[in-house]
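The exercises below are to be worked with the sequence and the model open side by side. Each task is followed by its solution in steps.

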Amino acid sequence: MIPATQVQTRSSAKSVRQLQTAVGRVCRRAMPIAFVLVAWLTLRSVRNQSAASLQNEAFVTGYSLAAICVLLMLLGVRKRMVAVALGSLSIWQKTHHYLGVFCVGAYSLHAGFFTTGWFESALAVNFWAIALSGIVGWYVNHTSPRLLRAAGSQVLRQDIQERSKHIASQAYELALVAAGNNNSAALADHYRDGLSRFFTTRRSWIYRLSPTGSKRRRLMSDLENVDRYLGEEGRTQRRKMSSLVQAKDDLDFQRAIQNRMRLWASAHTWVLGSFLVLAIVHIVVAHRFTSAW
């Protein structure tokens, strides 16, 4: 029998380890936030000092904002340089996220939250589109791995089309077999009336943006209702058809999630690129009308 003092010692050691783990987790999250806050306060101080010395403080925040945008675009470059050892991609992504927060703070110092003029308004709309797409992209990237795991073993994006064709071929062959047997003819009719379209066509754009399991549940329920018209052999074939429906829906789900990740990443990159182009024009015009060069 283990002495009570030894049990208490083990319990205390476990509690200390749990506390250390929790503190370490909080520190890992708090340090980048503190760094962003210090960087923003530093930029704000430099801007105020520039204004106090009768210099154009907009150039300080403007060039800082442009530099941050260039740094943010480096994540896309890093993703394409797979063969080069440039550090963990997850670290790059976390740095990108915190830089994005700092970018919003730098923009608020440079232009505020309300702007006038058509060109400045276009810049503002473009910037907030970047921020919004970045937030949505973070949510998509944060939730997609869990969703993909829930859909079974992950399939490479380039292999999904071929697997879908194979499943559609299996469903068609199963329907042909069912059509030649009086005990399972109802399954063949059901395949012809609705399932054939499910197996051979792409899902709607609404599903591709926000995939759900509603159609899968409906198809599975309709298939189970066909059991009353089937014999024992027909029910066995129906269960095989249900398995094919489930496999096809899993592939559609994985394709939707993977394409959604690519879509938001591409949209975010393109909006950021267009903002840099507009920002360059803005810098040229600002220098021209302030006689800064």
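**Exercise 1. Count the salt bridges, then describe the one between Arg238 and Asp227.**

Step 1. Apply the criterion: a side-chain nitrogen of Lys or Arg lies within 4 Å of a carboxyl oxygen of Asp or Glu. This rule gives 10 salt bridges. The model is predicted, so local features need pLDDT of at least 70 and side-chain atom pairs count only at pLDDT 80 or more, while totals for chains, interfaces and linings use all residues. Residues are numbered from 1 along each chain as its sequence is written, and side-chain values use heavy atoms, with hydrogens and water left out.

Step 2. Take the pair. The closest N and O atoms of Arg238 and Asp227 are 2.8 Å apart. Arg238 sits in helix α9 (residues 232-290) and Asp227 in the loop between α8 (214-225) and α9, so the pair, 11 residues apart, links distant parts of the chain. Helices (H or I, at least four residues) and strands (E, at least two) are DSSP runs, numbered from the N terminus.

Step 3. Check burial. Buried means under 20% relative accessible area, exposed over 50%, and partly exposed in between, with a 1.4 Å probe and protein chains only. Arg238 has a relative accessible area of 10% and is buried. Asp227, at 15%, also counts as buried.

**Exercise 2. Work out how far apart Glu232 and Arg235 are in helix α9, and how accessible each one is.**

Step 1. Glu232 and Arg235 form a salt bridge whose closest N and O atoms are 4.0 Å apart.

Step 2. The two residues are three apart in helix α9, and therefore about one helical turn separates them.

Step 3. Glu232 is exposed, at 55% relative accessibility. Arg235 is partly exposed, at 28%.

**Exercise 3. Describe how helices α3 and α4 pack.**

Step 1. The axes of α3 (residues 89-111) and α4 (residues 118-150) come within 11 Å and cross at roughly 155 degrees. Axes are lines fitted to C-alpha atoms, for helices over the stretch in contact, and angles run from 0 to 180 degrees between N-to-C directions.

Step 2. Classify the angle: under 35 degrees is roughly parallel, over 145 roughly antiparallel, 65 to 115 roughly perpendicular, and the rest oblique. α3 and α4 are therefore roughly antiparallel.

Step 3. The crossing of α3 and α4 is left-handed, a term used if the near helix is turned anticlockwise from the far one by less than a right angle (right-handed if clockwise).

Step 4. From α3, the contact is made by His97, Cys103, Val104 and Tyr107; from α4, by Ala124, Phe127, Trp128, Ala131 and Trp138. By class these are eight nonpolar, one polar and no charged residues. Ala, Val, Leu, Ile, Met, Phe, Trp, Tyr, Cys and Pro count as nonpolar, Asp, Glu, Lys and Arg as charged, and the others, Gly among them, as polar.

**Exercise 4. Summarise the protein chain as a whole.**

Step 1. The chain has nine helices and zero strands.

Step 2. Of its 293 residues, 30% count as buried.

Step 3. Among contacts between residues at least 6 apart in sequence, 75% join residues at least 24 apart.

How values were computed:
Contact = heavy atoms within 4.5 Å.
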